[in-house]
Amino acid sequence: MKNIVRELRAEYGWTQGELANRLNVSRQTVNAVETERYEPSLSLAFAIADLFKRPIEAIFRARYETGAKK
Amino acid sequence: MLDILTPKTSPAKPHRGAWQAIAWSQWAFWCQVAVALLAQRFMPAGGLRSALILAPLLTVALVMGVAVWIHQDSDEYIRSRMQRAAMLTAVTMALLGMAWCFFELLGFPRLSMVWPVLLGWGLFCVQLLPLAFGKE
């Protein structure tokens, strides 16, 4: 799954640690989501969408939608 | 407002105390393993020697308790990493156990099972060190 969490975080001017604190998760989790090594659970994805005030589908995209190979 | 609609994430990141507990319980475990090995080698047979040799089982229980605490206290990503580390460790230990058995059948000298156990613990800890020290 592709996501734009890193871009949104940069837009808000937050560090990974600040975003992690706001989401109540570890910094490692934020890093893993941003680098697409880990696909977040639905509850975390909703929390991210809620925090950035965007619909969940505007932040997370299936790879086939973006044309990416994997 | 409907609280049920409020997104809920996994538990917060682990307490610093939880990681310290891992370090202390591991320290206690390795000390008891060393004492058990010394007792097995140098002490005469008797109740005290048996107690010292069996003592690491108590600290294994302590380490397991701390690991469960860390697991419950972690967020979803760290939980998944712990589960992956445990799976890889279990597979490695199973393969090592089998290899030990076949080596013995081939006539190699009998090796102590303490080696796969130590290797397994080491492998598990090495996989979790980057997480514990926030190097990811």
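User: How is the partly exposed A:Tyr12 to be classed, and what is its relative accessible area?

Analyst: The model is a predicted one. Buried means under 20% relative accessible area and exposed means over 50%, with partly exposed in between. A:Tyr12 is therefore partly exposed, because its relative accessible area is 33%.

User: Is A:Trp14 buried or exposed?

Analyst: The cut-off for a buried residue is under 20% relative accessible area. A:Trp14 has a relative accessible area of 13%, so this residue is buried.

User: Which kind of aromatic pair do A:Tyr12 and A:Trp14 form?

Analyst: The two ring centres of A:Tyr12 and A:Trp14 are 4.8 Å apart, with 45° between the planes. Planes under 30 degrees apart count as stacked and over 60 as edge-to-face, the rest being tilted. The pair of A:Tyr12 and A:Trp14 is accordingly tilted.

User: Why is the pair of B:Phe103 and B:Phe108 edge-to-face?

Analyst: B:Phe103 is partly exposed at 41% relative accessible area, and B:Phe108 is likewise partly exposed, at 47%. Their ring centres lie 5.3 Å apart. Because their planes stand at 70°, the pair is edge-to-face.

User: How many aromatic pairs does the whole structure hold, over all chains?

Analyst: A:Tyr12, A:Trp14 and A:Phe52 form one aromatic cluster. Over all chains, a search of the whole structure gives a total of eight aromatic pairs.

User: Which element gives the most to the largest nonpolar core?

Analyst: This core has 31 residues, and among those with the most contacts inside it are A:Ile48 and A:Phe52. Elements of both chains give two or more residues to the core, including H1, H2, H3 and H4 of chain A and H1, H3, H4 and H5 of chain B. The most, seven residues, comes from H4(A).

User: Which elements do the buried residues of H4(A) pack against?

Analyst: The buried residues of H4(A) are A:Leu44, A:Ala45, A:Ala47, A:Ile48, A:Ala49, A:Leu51 and A:Phe52. A:Ile48 touches A:Val5, A:Leu23, A:Ile59 and A:Phe60, leaving aside residues up to four places away in sequence. As a set, the buried residues of H4(A) pack against H4 of chain B and, in chain A, against H1, H2, H3, helix H5 (56–59) and strand S2 (60–61).

User: Which element gives the most to the lining of the largest cavity?

Analyst: The structure holds one cavity of 30 Å³ or more, and the largest cavity has a volume of about 50 Å³. Its lining includes A:Val5, A:Leu19, A:Thr29, A:Leu44 and A:Ile48. H2, H3 and H4 of chain A each give two or more residues to this lining. The most, three residues, comes from H3(A).

User: How many charged residues are in the lining of the largest cavity?

Analyst: Eight residues of the lining are nonpolar and one is polar. The number of charged residues in the lining is none.

User: Which residues is B:His71 in contact with, leaving aside its neighbours within four places in sequence?

Analyst: B:His71 is found in helix H3 of chain B and counts as partly exposed, at 26% relative accessibility. B:His71 and B:Trp115 are 44 residues apart in sequence and 26 Å apart in space, C-alpha to C-alpha. Beyond its sequence neighbours within four places, B:His71 is in contact with B:Arg79, B:Met82 and B:Gln83.

Terms used
Residues numbered from 1 in each chain as written. Chains lettered and ligands numbered in written order. Predicted model: local features only at pLDDT ≥ 70, side-chain atom pairs only at ≥ 80, totals over all residues. Heavy atoms only, no water. Core = buried A, V, L, I, M, F, W, Y, C linked by side-chain atoms within 4.5 Å. Buried < 20%, exposed > 50% of the residue type's maximum accessible area, 1.4 Å probe, protein only. Helix = DSSP H or I, 4+ residues; strand = E, 2+ residues; numbered from the N terminus. Contact = heavy atoms within 4.5 Å. 1 Å grid on protein atoms, 1.4 Å probe; cavity = no way out; pocket = protein on both sides within 12 Å on 5 of 7 lines; lining within 4 Å. Points joined across faces, edges and corners; volume = space filled by probe spheres on them. Nonpolar A, V, L, I, M, F, W, Y, C, P; charged D, E, K, R; others polar. Phe/Tyr/Trp six-rings, centres within 6.5 Å; stacked < 30°, edge-to-face > 60°.
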